[in-house]
Amino acid sequence: MAYLLAFKRALLLASCIAPLVAAQPSPDVQKRISAAIKSSAGSSNPDYTAFVNPFIGTDNFGDVCPGASIPFGMSNDPRIRADPTQFIRGLSPMHDSGTGSSLGTYGNFEIMPLLCPGGFNTCTTTLAARQRLRKLHTDDASPGYFAQTLDNNIKMEATPTRRAGLERFTFPSGSKPYFALDLANDLPNSFAGGSLDIDPQKGRITIGGHWGSSFGPGSFHYQAFACYDLLDGGKQKLSEFGVWTGDTVGLDAKGLGQTHLNLSINLFGGVYQSGALFSFDNKPTQVNIRVGVSFRSVEQACANAEEEVGSSSFEDIQAKAKALWQEKLSKIEIDIAGTPPNVTEMLYSSLYRASLTPNNATGETQGLFENTTSFYFDSLYCRRFRTFYPLMTLHSPVEFAQIVDSYIDGWRKNGWMPECRANNLPGSSADNIVAQFAVNYHNEAARLGIDLNELYSAQLTDGELNPPEWNIEGRQVNVYKWVSSMQYGSFDIYHSYAFEDFGIRQVAQLLGKTDDVATYTNRSLFYRNVWDPTVVNDGFKGFSQKRFSNGTFAFTNPSDCSPNDKNETRSCSLQSNNVNGFYESSSWEYSWFAPHDTAHLIELMGGNATFAKRLDHFFDAGYYLAGNEPSFQVRGLAVWLAGNLMCVVDPDWIPLRQPPAKSVDRVREVVFTNFDITPAGLPGNDDQAAMASLLSFHLLGLYPVPSTTQFLLLSPFTPKYTSTIHSSTPSVTINGKPSPRCHFDFYDVFRVGGEVVITLTADKSAADDCLGAIPESISTGGFAAAR
């Protein structure tokens with residue numbers, strides 16, 4: 001059966017409001033999605049937003065935010081999980097999705113609707129007192145919309161713009177609507193002081209303060225502001241207003257008529273509980289509240305609400321948000337009629353999550369970046385270079401360029417490109433991220449606002465200049481270049497540094513920097529310096545190990561910190577007592593990571609036959625863990641399959657030295673074992689769409705080699721295939737010309753435009769050859785010229 005992909009040459013032009021608990025979607029959500037997929041078969045203009053299930057990943061520690069958002073929006077409301085026993089304490093306009101943090105990130109400015117039959121002074125305002133369960137199976141969401149109903153029959157709805165949104169509350173008939181608005185409490189309880197003001201004439205409440213960084217040193221703080229407009233353009237009238245304050249040991253005080261709060265850090269421990277309390281006249285059944293957020297000032301927050309929402313209705317804003325998502329999701333079209341409905345739902349839900357973050361906070365800069373003329377993106381979390389940005393290469397080059405500009409501006413303002421905005425992990429994935437953009441879009445770079453020479457200068461700073469605080473920015477380059485003796489997480493760091501040097505090498509080659517190409521090609525092979533050929537585990541020889549400055553190795557059992565490690569007390573993360581040498585993974589995983597030099601890795605492991613056997617053993621013996629959340633640090637053959645992008649050996653790289661048909665089987669096994677369309681449909685946290693972009697590639701039958709223009713090729717799940725379990729790929733043509741079956745190049749397909757025809761077969765023996773070159777490796781002369 002022929003599989004047709006039409007790739008169009010185009011540069012594509014490109015927020016989550018949510019409660020703070022777990023999602024339990026209404027059964028109508030899945031019925032609606034299934035009906036939309038069925039009715040769209042054969043449609044020439046399908047509504048792709050109707051295929052999205054925002055609740056996938058809200059259970060099983062997926063940490064997905066199903067709230068209302070626009071693509072790359074700064075406003076995101078709310079964050080919930082699937083457990084119906086978890087309480088809701090408010091609706092917040094600021095969230096990240098899939099960060100993997102047990103506490104979550106942001107969650108500022110919670111607003112909670114209340115029923116207070118006894119009046120103002122009887123309202124339950126403290127966190128423990130106001131929290132409520134929600135009615136079972138009332139959660140609803142679609143791109144640009146979120147709704148749920150509390151167990152007191154108050155319905156909450158939200159719809160967003162980039163930096164603002166509308167919140168709609170429906171109360172039981174005959175009740176007086178009250179609201180508690182929280183000044184201090186965010187999800188990580190990191191409040192460091194702030195103020196709140198009520199203007200009863202304008203019907204406006206403004207809030208501003210400082211909070212601790214969700215990731216990184218506790219001394220790092222950011223400022224945030226919100227502006228709540230309560231009168232709905234004069235359609236609503238305030239009744240009572242004032243402030244409240246409380247604590248966990250009995251304080252619960254109200255101040256009717258008071259209009260100002262100014263709080264500092266609680267010197268007695270804990271976090272202040274304080275905010276505004278207000279009600280509405282005439283017992284309206286429905287209350288509309290407009291909210292704007294900002295990282296600059298309350299004035300800017302109010303301006304954002306006025307500019308982006310203005311007097312628009314809830315339905316108007318929702319329709320605009322949906323239109324933005326339709327434009328984004330329609331970049332990838334499939335044959336809906338020929339694709340299993342669950343695959344369609346998984347694909348478009350994954351593509352949706354892959355455009356939730358990073359958050360476009362342009363115009364909202366503070367600190368060193370205040371008044372920058374560059375783009376500014378927040379939530380630039382670590383380790384997404386493997387799948388997230390290569391997928392962005394295919395669907396959002398304009399936003400990708402804006403993010404690259406934001407990275408370069410970090411170098412301009414701070415001396416080094418950001419690792420994360422909150423800088424919590426060593427290394428600088430930025431080198432690979434900007435390299436991914438440069439090698440794929442160098443012809444359009446100037447038009448997209450990127451100076452490649454400036455980009456390269458930023459990379460060279462990472463590669464050559466050791467920062468004073470290498471653990472929060474840049475790299476520990478002096479030690480790396482001198483010897484492989486490094487601090488905790490040494491394997492992860494060392495393997496990362498080597499691949500980051502490959503990213504620098506790729507841009508040097510693009511710019512004709514011959515000497516630098518030689519230098520960084522050599523340094524990209526430094527991963528070999530921590531390979532100890534004498535270590536044996538499970539019958540396989542050779543693993544990455546810590547190494548001292550005198551050249552000797554420090555033995556670590558390769559199984560330590562793996563799923564097979566029986567020592568539950570062992571420190572495997574960023575703890576100060578982590579002596580394992582790996583960050584949230586094991587040598588069994590990290591030892592696979594050399595995506596740019598796989599041919600030599602095969603030699604290190606004993607040749608083709610041993611490599612293939614070891615790869616099978618890695619999966620079959622249980623070392624592969626799809627849900628290994630911080631596995632982002634796990635270094636695999638280049639692609640980390642299902643779980644968190646980090647589980648080292650990605651089945652997509654099996655085509656390098658294993659029969660292509662076996663690759664297809666392994667990928668399908670991993671996808672169907674670990675992913676589905678339920679709230680628990682992810683094997684771990686989404687890691688800010690690292691898993692979403694990974695799954696997208698698998699379903700499309702592609703996988704990228706990061707910092708290059710190459711894509712590995714497998715049997716797609718869509719649009720036309722005869723078997724979702726055993727379809728293999730006997731032949732491939734690009735624009736009518738035969739192509740190697742295991743990979744193709746961005747420039748041969750996406751740049752020139754055209755079609756890729758993949759002929760599928762159930763006969764595996766007919767598909768067990770790449771019919772041409774295998775993917776490239778540095779050690780065999782690969783990546784010899786820029787495209």
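Which residues is phenylalanine 437 in contact with, leaving aside its neighbours within four places in sequence? In this predicted model, the partners of Phe437 are Pro397, Phe400, Ala401, Val404, His442, Ala445, Leu448 and Ile450.

Phe437 belongs to the largest nonpolar core, which has 118 residues. Phe437 is among the residues with the most contacts inside that core, together with Tyr348, Tyr389, Tyr407, Ile450 and Leu455. Helix H11, spanning residues 490–510, gives the most to this core. Its share is 10 residues.

Two helix pairs were examined for packing. Helix H6 (residues 388–395) packs against helix H7 (residues 397–414) at an angle of about 135 degrees. Their axes are 7 Å apart. H6 contributes Tyr389, Met392, Thr393 and His395 to the contact. H7 contributes Pro397, Glu399, Phe400, Ile403 and Tyr407. By class, the contact residues are 6 nonpolar, 2 polar and 1 charged.

Helix H1 (residues 27–40) and helix H5 (residues 341–353) pack with their axes 10 Å apart. The angle between H1 and H5 is about 110 degrees. Angles of 65 to 115 degrees count as roughly perpendicular, and H1 and H5 are therefore roughly perpendicular to each other. Gln30, Ile33 and Ile37 make the contact from H1. Pro341, Thr344 and Glu345 make the contact from H5. This contact comprises 3 nonpolar, 2 polar and 1 charged residues.

Methods: Residues are numbered from 1 along each chain as its sequence is written. This is a predicted model: local features need pLDDT of at least 70, side-chain atom pairs count only at pLDDT 80 or more; totals for chains, interfaces and linings use all residues. Side-chain values use heavy atoms; hydrogens and water are left out. Axes are lines fitted to C-alpha atoms, for helices over the stretch in contact, and angles run from 0 to 180 degrees between N-to-C directions. Helices (H or I, at least four residues) and strands (E, at least two) are DSSP runs, numbered from the N terminus. Angles under 35 degrees count as roughly parallel, over 145 as roughly antiparallel, 65 to 115 as roughly perpendicular and the rest as oblique. Contact means heavy atoms within 4.5 Å. Ala, Val, Leu, Ile, Met, Phe, Trp, Tyr, Cys and Pro count as nonpolar, Asp, Glu, Lys and Arg as charged, and the others, Gly among them, as polar. A nonpolar core is a set of buried Ala, Val, Leu, Ile, Met, Phe, Trp, Tyr and Cys residues joined through side-chain atoms within 4.5 Å. Buried means under 20% relative accessible area, exposed over 50%, partly exposed in between (1.4 Å probe, protein chains only).
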